[in-house]
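Subject: Structure handover

Hi,

Here is the structure I promised to pass on. Please open it alongside this note, and my findings follow below.

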Amino acid sequence: MRKIRKVYKLQYKRLIVLLGLVVMMLVGVIAGGVFIANQMTPEEKKPVAVYTKHTALRNEERQTAAQITDQYFPNGKKPPEPKVPIKTDRKIIALTFDDGPGNNSTQRILDSLEKHNVKATFFVLGSKVEQNPDMLKQIHDEGHEIGNHSYNHPDLTKLTHEEMMSQITNTNQLIKDNTGETPKYLRPPYGAFTPDIELSSGMTVILWNVDSNDWRLRDGPKTKDFVLQHLQPQSVILFHDIYESSADTVEHLIPALKEQGYEFVTMSEYLEIMGLD
Ligand SMILES: [Zn+2]
């Protein structure tokens, strides 16, 4: 009897150890999952492409053109013809910077752009413009283009129509108050937008076709290599001017791209060259 109890006790101990191991493994897997999820922003999950006015209508990765036509242009009303990019041999790059204006990192990026004589496009947040109005003025005065990236970075598709519109119009007003110009371009946070956002704002939606992944890598040389590996002949590259590492990348990336024969353009020049303006 005592022997049986002993064996039973031993197995019980083993079971406890085994359960402990299983729990530890589960905790490890969950922690790993949470870590990976935190490393990914929704921007990574979005299809990578450039859209301009009404090109949402031919975005096959979202709704089909027919669905959008029924929803937004009922009773047989015809939507505007989407513009198709023209073919060009020109190797062009539009550098774009989101989520600022920041402080030191934005200043460093502006210094690099000036040093290499490159003009870029900044998609700014209204809330950051309120914090750094002088930086916005400097961006504008140094000849760069300024676009709207919402007031405080919500997913515009999850807001009511009124909330969405106030995100856009408040930011446009802040940009106008500080630069004298109303922006034409909208880069919706996470690249998330609907035809309603595009049509109601009256702005041209600009996404990107090269995500530098600077927000994930946070490393100057690694981000530079990543961009060089994912270049397209006509690239719109997504950066964030709020990271010091992105300033490191830009300083070294521009000469590398010039060496490969790329010319740098602003967003409006890009659209003009591509026949999308
Ligand atoms: Zn953003």
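In which loop does P101 lie? P101 sits in the loop between β1 (92-98) and α4 (104-115). Before going further: this is a predicted model.

**Backbone points to check**

Start with P101. The peptide bond from G100 to P101 is cis, and its omega is near 0°. As a reminder, most peptide bonds are trans, and most residues other than glycine have a negative phi.

Y190 is not a glycine, yet its phi is positive, at about 65°. Y190 belongs to the loop between β4 (185-186) and α8 (195-201). It has 17 C-beta neighbours inside 10 Å, so Y190 counts as partly exposed.

N213 is the other case: its phi is near 60°, again positive in a residue other than glycine. The loop between β6 (210-211) and α9 (214-217) holds N213. N213 has 18 other C-beta atoms within 10 Å and is therefore partly exposed.

Is β1 enclosed or open, and why? Of the 7 residues of β1, 6 are buried, so the strand is largely enclosed by the rest of the structure.

β1 pairs with β7 (residues 234-240) through 7 bridges, and the two strands run parallel. I93 has S235 as its bridge partner in β7. β1 is also joined to β8 (residues 263-264), by 2 bridges and again in parallel. There, I93 stands opposite F264.

β2 (121-124) is another parallel partner of β1, over 3 bridges. Two pairs to look at: T96 is bridged to T121, and F97 stands opposite F122.

Buried or exposed? Q234 is buried, because 21 C-beta neighbours fall inside 10 Å and the cut-off for buried is 20 or more. Apart from neighbours within four places in sequence, Q234 is in contact with T88, I92 and M274. Q234 and I93 are 141 residues apart in sequence, but their C-alpha atoms are 5.9 Å apart in space.

**The nonpolar core**

The largest nonpolar core has 48 residues. Those with the most contacts inside it are A94, L95, F97, F122, V124, I237 and Y270. Helix α11 (residues 244-259) gives the most to this core, with 5 residues.

Take A94 as a way in. Leaving out residues up to four places away in sequence, A94 touches T121, V236, V265, T266, M267 and Y270. Y270 is itself on the list of residues with the most contacts in the core.

**Helices α4 and α11**

How close do the axes of α4 and α11 come, and at what angle do they cross? The axes come within 8 Å and cross at roughly 5°. That angle makes α4 roughly parallel to α11, because angles under 35 degrees count as such.

From α4 come N104, S105, R108, I109 and S112. From α11 come E244, S246, A247, V250, E251 and I254. By class, the contact has 4 nonpolar, 4 polar and 3 charged residues.

Beyond α4, look at N117. N117 lies in the loop between α4 and β2. N117 is exposed, because its count is 9 other C-beta atoms within 10 Å and the cut-off for exposed is 12 or fewer. The C-alpha atoms of N117 and I254 are separated by 9.9 Å, although the residues are 137 apart along the chain. I254 is also one of the α11 residues that meet α4.

**Where to look**

For a quick tour, begin at the cis bond from G100 to P101. Then go to β1 and its 7 bridges to β7. Finish at the contact of α4 with α11.

Best wishes

Notes: Residues are numbered from 1 along each chain as its sequence is written. This is a predicted model: local features need pLDDT of at least 70, side-chain atom pairs count only at pLDDT 80 or more; totals for chains, interfaces and linings use all residues. A nonpolar core is a set of buried Ala, Val, Leu, Ile, Met, Phe, Trp, Tyr and Cys residues joined through C-beta atoms within 7 Å. Helices (H or I, at least four residues) and strands (E, at least two) are DSSP runs, numbered from the N terminus. Two residues are in contact if their C-beta atoms, placed from the backbone, lie within 7 Å. Axes are lines fitted to C-alpha atoms, for helices over the stretch in contact, and angles run from 0 to 180 degrees between N-to-C directions. Angles under 35 degrees count as roughly parallel, over 145 as roughly antiparallel, 65 to 115 as roughly perpendicular and the rest as oblique. Ala, Val, Leu, Ile, Met, Phe, Trp, Tyr, Cys and Pro count as nonpolar, Asp, Glu, Lys and Arg as charged, and the others, Gly among them, as polar. Two strands pair if DSSP finds at least two bridges between them.
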